[in-house]
Amino acid sequence: WLPVLVQLSVISTHSPAAATPIHPQVRSTALSHLQRALLAPALFSLSERSWVTVFDKVVFPLLEEVISAEVGVSDDERLIGASILSKTFLQYLSKFVTSPTFHIFWLQVLALMQTFFDTNQAVTTVESVTQALKNIVMVMHASEVLLPDSSDKDVSNSPYDPKRLWRLTWERIDQFCPKMREDLSEVIECPAPPTHTQEK
């Protein structure tokens, strides 16, 4: 399964300036097939380690390419790439959180989403990524993966610290989307950012 996913990713991001260019329609079709494949119910049986490998070998390289490409990648393809990242992450969240290094993986996801804001992307793309990130944070909060310091939930059995992850998450989001706290405060508890030095 991994070689197939990798090949679809390679085709999806194949540069039109390459020696043997791939027609844009073929690239677009490969990207759509990749999205459907990643969300296929049959792949849910894969382990957490396997899905981390999928992200490392397929999803992260795909996003890096579609975000950074100066030519040959349409806004629609960037939107699909962002959708692949957010939907695949949420679909397999229950697997990812079993890892004691989940916080590192999650910060990688956030870093890629930040790239959409830091680069000169279309307004519709940034708006779509913003909404996707809001959905991710709300799901993680509802699943008690992220918990504010004021929460009285028992997190002693968690392989990581949901409260520390909350702080790390907002330290990152506040850098590129500072209005999100205010937007989400209507649906979840989002305390104002602290005034002290950020946690390292």
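I started with the pair α6 and α7, which are roughly antiparallel to each other. This is a predicted model, so I read every value below as computed from it.

**Entry: geometry of the pair.** I looked up where the two helices lie in the chain. Helix α6 covers residues 102-118 and helix α7 covers residues 123-142. Their axes come within 9 Å. I noted a crossing angle of roughly 160°. Angles over 145 degrees count as roughly antiparallel, and the pair is therefore given that label. I also checked the hand: α6 passes α7 in a left-handed crossing.

**Entry: residues in the contact.** Which residues of α6 meet α7? I listed Phe102, Trp106, Leu110, Met113, Phe116 and Phe117 on the α6 side. Facing them from α7 I found Thr125, Val126, Val129, Thr130, Ala132, Leu133, Ile136 and Met140. I then sorted the contact residues by type.

**Entry: the whole chain.** I stepped back to the fold. I counted nine helices and zero strands. Along the sequence the pattern reads α-α-α-α-α-α-α-α-α.

**Entry: burial and surface.** The chain has 200 residues, and 42% of them count as buried. For the accessible surface I noted about 10,300 Å². Carbon and sulfur atoms hold 55% of that area.

Conventions: Residues numbered from 1 in each chain as written. Predicted model: local features only at pLDDT ≥ 70, side-chain atom pairs only at ≥ 80, totals over all residues. Heavy atoms only, no water. Axes fitted to C-alpha atoms, helices over the stretch in contact; angles between N-to-C directions. Helix = DSSP H or I, 4+ residues; strand = E, 2+ residues; numbered from the N terminus. Parallel < 35°, antiparallel > 145°, perpendicular 65-115°, else oblique. Left-handed = near helix turned anticlockwise from the far one by under 90°. Contact = heavy atoms within 4.5 Å. Buried < 20%, exposed > 50% of the residue type's maximum accessible area, 1.4 Å probe, protein only. Areas by Shrake-Rupley, 256 points an atom, 1.4 Å probe, with all protein chains shown as cover.
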